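Trainee: I am new to this structure. Please take me through one part of it closely, and then show me what lies around that part.

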Amino acid sequence: MTFTPIDREHWARKEYFDHYVSQIPCTYSAVFQLDITRIRQLGQKLYPTMLYHITGEVNRRDEFRTAFNGAGQLGIYDRMHPCYTVFHPESETFSNLWTEYDPDYETFCASYLRDVAEYGKNPGMEGKPGTPENTFPVSMLPWASFHGFNLNLQKGYDFLLPIFTMGKYHEEGGKLLLPLAVQVHHGVCDGFHLCRFVNSLQQRLEGRG
């Protein structure tokens, strides 16, 4: 893992960052309906496949890897890994696992399956210990679809990384659509960056990315 500090005085986003972090703290979210028809036709397992593609896009974009590190420095991680939830039906609770990202799909999915097999039944919020700094949160609500979703971070305005929440997919117009809620910090990510991310993610899901 490499963390490159940002020279805030010469950073193109300095004015925007200061405005949305210090003057008017602001995060925002949006929900997108992703066409996952192709990956379902291919028989690919949904959760690891979506983790793989989302992480691939996160690793292409500086604005989705910008964060405060453990020492409070503002900078950009060179690579991010997904930290995702697994559900425990017997206790109706969840645990967080993380899997190291690999650009090779089969390698990543194999690592995901190993992590779930080894740590997936562990109780508590941190099912797999040693969560590194360079992870971002992903969760899934497979029990219902949605068109709106919002997280309320009362003291979370220094959390700059994206937060992803998926819902239950549904059929519409001959397509299988998966709701994806994305929450970002306006200090590092504008609407342009969010839309570019989602459009590129959709291309990946269609095999065009």
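**The second largest pocket and its surroundings**

Mentor: Start with the strand β7, which gives the second largest pocket the largest share of its lining, three residues. Keep in mind that this is a predicted model. By class, nine of the lining residues are nonpolar, three are polar and two are charged.

Now follow β7 (135–141) to the largest pocket. There, β7 is one of the elements that supply at least two lining residues, along with β5 (81–88), β6 (93–98), α4 and β8. The top contributor is β5, with six residues. The space in this largest pocket is about 590 Å³. Its lining has 25 residues, and T85, V86, F87, F94 and M140 lie nearest the centre. The classes in this lining are 17 nonpolar, six polar and two charged residues.

Helix α4 deserves a stop. It spans residues 105–119 and holds D115. Is D115 buried or exposed? D115 is buried, because its relative accessible area is 9%, and the cut-off for buried is under 20%. The side chain of D115 has a polar partner: it makes a polar contact of 2.7 Å with the side chain of T99. Beyond its neighbours within four places in sequence, D115 is in contact with Y84, L97, W98, T99, G120 and K128.

Next, take β8 (163–167). One cavity of 30 Å³ or more is counted. About 40 Å³ of space lies in the largest cavity. The elements that give two or more residues to its lining are β8 and β10. The residues that line this cavity are S29, F149, L151, I163, F164, T165, A181, V182 and Q183. Six of the lining residues are nonpolar, three are polar and none is charged.

From β8 and β10, move on to helix α5. The buried residues of α5 pack against both of these strands, and also against β2 (27–35), α2 (37–41) and α3 (46–58). Helix α5 covers residues 191–205, 15 residues in total. From first C-alpha to last, α5 reaches 21 Å, close to the 21 Å expected at 1.5 Å a residue. Its buried residues are H193, L194, F197, V198, S200, L201, Q202, R204 and L205. An α-helix has 3.6 residues a turn, so residues three or four places apart point the same way. After α5 comes G207, which has a positive phi, near 80°.

Finish with S200, one of the buried residues of α5. A polar contact of 3.1 Å joins the side chain of S200 to that of R60. R60 sits in the loop between α3 and β3. R60 is partly exposed, because its relative accessible area is 48%. Leaving aside neighbours within four places in sequence, R60 is in contact with R65 and S200. R60 and M80 are 20 residues apart in sequence, and their C-alpha atoms are 9.9 Å apart in space.

Definitions and conventions
Residues numbered from 1 in each chain as written. Predicted model: local features only at pLDDT ≥ 70, side-chain atom pairs only at ≥ 80, totals over all residues. Heavy atoms only, no water. 1 Å grid on protein atoms, 1.4 Å probe; cavity = no way out; pocket = protein on both sides within 12 Å on 5 of 7 lines; lining within 4 Å. Points joined across faces, edges and corners; volume = space filled by probe spheres on them. Helix = DSSP H or I, 4+ residues; strand = E, 2+ residues; numbered from the N terminus. Nonpolar A, V, L, I, M, F, W, Y, C, P; charged D, E, K, R; others polar. Buried < 20%, exposed > 50% of the residue type's maximum accessible area, 1.4 Å probe, protein only. Polar contact = N/O pair within 3.5 Å; in protein donor to acceptor, adjacent residues only side chain to side chain. Contact = heavy atoms within 4.5 Å. Expected span 1.5 Å × (residues − 1).
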